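Thank you all for coming.

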Amino acid sequence: MDPVFEQLYEKYHDDLFNFLFYMVRNREHAEDLVQEVYVKVLRSYKRFKGQCSEKTWLLSIARHVAIDFFRRQKHRRKWAGPPEWSEESIGADEPMPEEVAIQKEEIQLMYRCLARCTVDQQLVLVLRFIQSLSIAETAAALGWTESKVKTTQHRALKALKQYMEEEAKREGWQHEKAQLE
């Protein structure tokens with residue numbers, strides 16, 4: 001294996017997997033898409049000019065792979081639910097089970113609401129807040145201007161907040177109704 005490719009793999013594999021997992025919300029699909037990214041990297045690495053960081057370049061390729069994946073899907077909004085929780089993910093220093101249950105509900109709510117955002121909004125939120133890229137890095141990864149990233153981020157956060165408030169009201173109303181019955 002090419003040592004440069006091996007270094008890229010070791011350094012950025014987790015970031016690529018996490019990015020794609022947050023986008024498609026399915027472990028198997030994310031693993032397949034990561035492999036697709038690396039096939040594209042192998043084919044195009046000689047054309048990489050270093051105008052952005054390797055991570056930004058790889059996430060840009062991952063973005064295109066994710067968009068192609070969505071295009072191949074008949075019903076793009078029929079994604080899997082939030083990531084599964086396992087016993088290994090809860091260690092000794094973790095919160096109490098009740099706190100974990102509340103966090104799990106909040107995370108599931110956030111994922112349901114994130115899925116209601118546009119693909120562009122999802123991309124920006126994942127890159128900015130899950131991958132912790134700067135505005136400039138996000139712009140480079142998406143091939144956008146920094147202004148477009150800021151605008152999309154603003155609209156995405158506003159939409160996500162609205163969707164979460166709607167869901168919380170609906171769930172609160174359903175909970176109250178169940179208590180009355």
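Let me begin with a question: does serine 132 count as buried or exposed? With a relative accessibility of 58%, serine 132 counts as exposed, where exposed means over 50% relative accessible area, buried means under 20%, and partly exposed is in between, with a 1.4 Å probe and protein chains only.

Before going further, please keep in mind that this is a predicted model, in which local features need pLDDT of at least 70 and side-chain atom pairs count only at pLDDT 80 or more, while totals for chains, interfaces and linings use all residues. Residues are numbered from 1 along each chain as its sequence is written, and side-chain values use heavy atoms, with hydrogens and water left out.

Now to the backbone, where most residues other than glycine have a negative phi. Serine 132 has a positive phi, near 60 degrees, and is found in the loop between α5 (119-130) and α6 (135-142); helices here are DSSP runs of H or I with at least four residues, numbered from the N terminus. Arginine 25 also has a positive phi, near 55 degrees, and sits in the loop between α1 (3-24) and α2 (27-44). Arginine 25, however, is buried, at a relative accessible area of 4%.

Let me turn to the charged side chains. The structure holds seven salt bridges, a salt bridge being a side-chain nitrogen of Lys or Arg within 4 Å of a carboxyl oxygen of Asp or Glu. One of them joins aspartate 15 to lysine 55, with the closest N and O atoms 3.5 Å apart. This pair links distant parts of the chain, since aspartate 15 belongs to helix α1 and lysine 55 to helix α3 (residues 54-72), 40 residues apart. Aspartate 15 is partly exposed, at 23% relative accessibility.

Another salt bridge pairs arginine 116 with glutamate 166, the closest N and O atoms being 3.0 Å apart. Here too distant parts of the chain are linked, with arginine 116 in helix α4 (residues 97-116) and glutamate 166 in helix α7 (residues 146-180), 50 residues apart. Both count as partly exposed, arginine 116 at 35% and glutamate 166 at 32%. These two residues also belong to a network of salt bridges that links Arg112, Arg116, Glu166 and Glu167.

Finally, glutamate 165 forms a salt bridge with lysine 161, at 3.9 Å between the closest N and O atoms. Both lie in helix α7, four residues apart, which is about one turn of the helix.

Notes. Helix = DSSP H or I, 4+ residues; strand = E, 2+ residues; numbered from the N terminus.
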